[in-house]
Structure formats: C-alpha cells, structure tokens
Amino acid sequence: NVVLVLLDDAGAGDAGVLGHPILRTPHIDAFARSGVRFSAAYAGAPNCSPSRAALLTGRAPFRTGVYDFLSKRSGSMHLAAGETTIAALLRASGYQTLHLGKWHLSRRGAGHGFAPPHFGFDHSNESYAPASQLVAAFGGWLRGGRRRGAPFFAYLALWEPHEPVQLWSPPAFRRLYEGSGGDASGGGDSISGDASGGG
C-alpha cells in the first residue's frame with residue numbers, strides 16, 4: 001500500500017521531526033519514524049498547483065498545463081486531460097485509488113479542467129475540510145470503503161498548514177502557540193512570514 005500525504009505550503013523544516021524550534025507535530029513525527037522518509041527531494045514548483053501537478057505526474061509543471069497556482073486570474077489553466085498520474089498507473093496495476101482533500105488542479109466551476117476520477121482516482125471527495133476530518137474519512141474508507149486484500153494508493157492532500165489554518169484549529173491547539181512568535185489569532189503567519197494567501 002502507498003499512502004501519500006501532502007501538506008499545503010509546508011516549508012522544508014516545518015515539523016518537529018525536521019528540527020523546527022516552535023511547531024509541535026507529534027503525529028507527523030511518528031509518521032516519519034514509521035514510514036519511508038524522503039529527505040533529499042525538491043518540490044516541482046514554489047507554490048501549490050504546479051507542485052501538485054509535478055508530484056502526481058512526475059513531469060515538469062509547465063508540461064502538464066499547470067504553471068502557476070489556480071485562481072480567478074489563472075484563466076483556463078488546468079491539468080491537461082492527457083496527463084498520466086501515479087494514481088492511473090497504480091490503478092492499471094490493480095490498486096484501489098483514493099484522493100481525499102484539496103485537488104486544486106482544475107477550476108470546473110469556471111468550466112476548466114477535470115475531476116480526480118479522470119486522472120485515475122476511484123474515489124475522491126475534493127474537500128477543503130480540516131485535516132482531522134480528512135484523516136477520519138481515510139480511517140472510515142480503510143475500515144469499510146475499500147476491497148479487502150487489494151493494494152491501495154491513498155493521496156491525502158491536506159489544506160494545512162496553508163492559511164487560514166487558524167480559522168478551524170481548535171482553541172486548545174491555538175493556545176499552544178500564543179506568545180511563540182506565530183500569530184494564532186488570525187492575521188498573517190509570522191512564523192513563516194507568509195501573509196499572501198496565495199496557492
């Protein structure tokens with residue numbers, strides 16, 4: 001089985017296991033200790049949508065049709081219909097394929113692009129729900145939504161730590177960072193200095 005977890009806008013050192021002096025990430029740290037950890041890789045692009053396109057296709061983003069993050073200003077840009085993703089390759093080899101979370105490779109509401117099933121995902125929720133809900137949905141799928149005995153590829157594309165994470169972070173978690181240099185109240189993210197809100 002392959003479980004690929006993507007954290008949105010996470011920096012190279014944004015986890016306790018990576019030595020961050022402020023961020024507390026016990027679940028990511030445990031995941032890193034128990035799984036395969038890739039520590040000498042590069043993102044396909046410096047922002048959201050093209051990084052996702054590169055990750056799923058293994059190609060340079062400009063070849064996939066996604067060369068910047070998708071927004072109202074990105075026109076008709078989307079993941080090209082003919083792209084082959086890791087999900088499509090694994091599904092052709094007998095894997096069940098699941099996408100939970102942020103897609104951000106099409107703007108179908110504006111008539112541009114295709115849903116995850118077009119690119120090899122058997123199931124997708126394309127949700128901007130908090131990580132806790134997506135992980136719970138993944139647990140539910142593991143317990144009752146998949147075929148037992150068949151391998152699976154699960155792509156959990158979490159919104160966090162992208163802004164405005166503080167809007168759905170429980171107060172108990174926000175309190176952990178009060179006075180730490182990060183803005184837990186909702187302004188910008190003064191830990192990383194990013195208040196752009198871009199992809």
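Val5 sits in strand E1, where strands are DSSP runs of E with at least two residues and helices are runs of H or I with at least four, all numbered from the N terminus. Val5 is partly exposed, at 32% relative accessible area; buried means under 20%, exposed over 50%, and partly exposed in between, using a 1.4 Å probe and protein chains only. Together with Val3 and Phe31, Val5 makes a nonpolar surface patch of about 220 Å². Patch residues have over 30% relative accessible area and no salt bridge, with nonpolar side chains joined within 5 Å and like charges within 9 Å. A salt bridge here puts a side-chain nitrogen of Lys or Arg within 4 Å of a carboxyl oxygen of Asp or Glu, and the areas come from Shrake-Rupley with a 1.4 Å probe.

A quick word on the model: it's predicted, so local features need pLDDT of at least 70 and side-chain atom pairs pLDDT 80 or more, while totals for chains, interfaces and linings use all residues. Numbering runs from 1 along each chain as its sequence is written, and side-chain values use heavy atoms, without hydrogens or water.

Now for helix H2. Nine of its ten residues are buried, so H2 is largely enclosed by the rest of the structure. The cover over those buried residues includes E1, H3, H4 and E4, judged by contact, meaning heavy atoms within 4.5 Å. Just after H2, Gly58 takes a positive phi of about 75 degrees.

Helix H5 has buried residues too: Ala131, Leu134, Phe138, Gly139 and Trp141. Seen down the axis, they fall within an arc of 155 degrees, so they line one face of H5; the arc is taken from the directions from the axis to the C-beta atoms. Ser132, Arg143 and Gly144 are exposed on the other side.

| Element | Residues | Packing partners of its buried residues |
| H5 | 131-145 | E1, E2 (96-101), E3 (123-124), E4 |

On to the cores, which are sets of buried Ala, Val, Leu, Ile, Met, Phe, Trp, Tyr and Cys residues joined through side-chain atoms within 4.5 Å. In the largest one, with 15 residues, Leu79, Trp103, Leu105 and Phe121 touch the most other members. H2, H4 and E4 each supply at least two residues of this core, and E4 gives the most, three. Leaving out residues up to four places away in sequence, Leu105 touches Ser49, Arg52, Ala53, Leu56, Val66, Leu70, His78 and Leu79. A second, separate core has eleven residues, among them Leu98, Phe138, Ala154 and Leu156.
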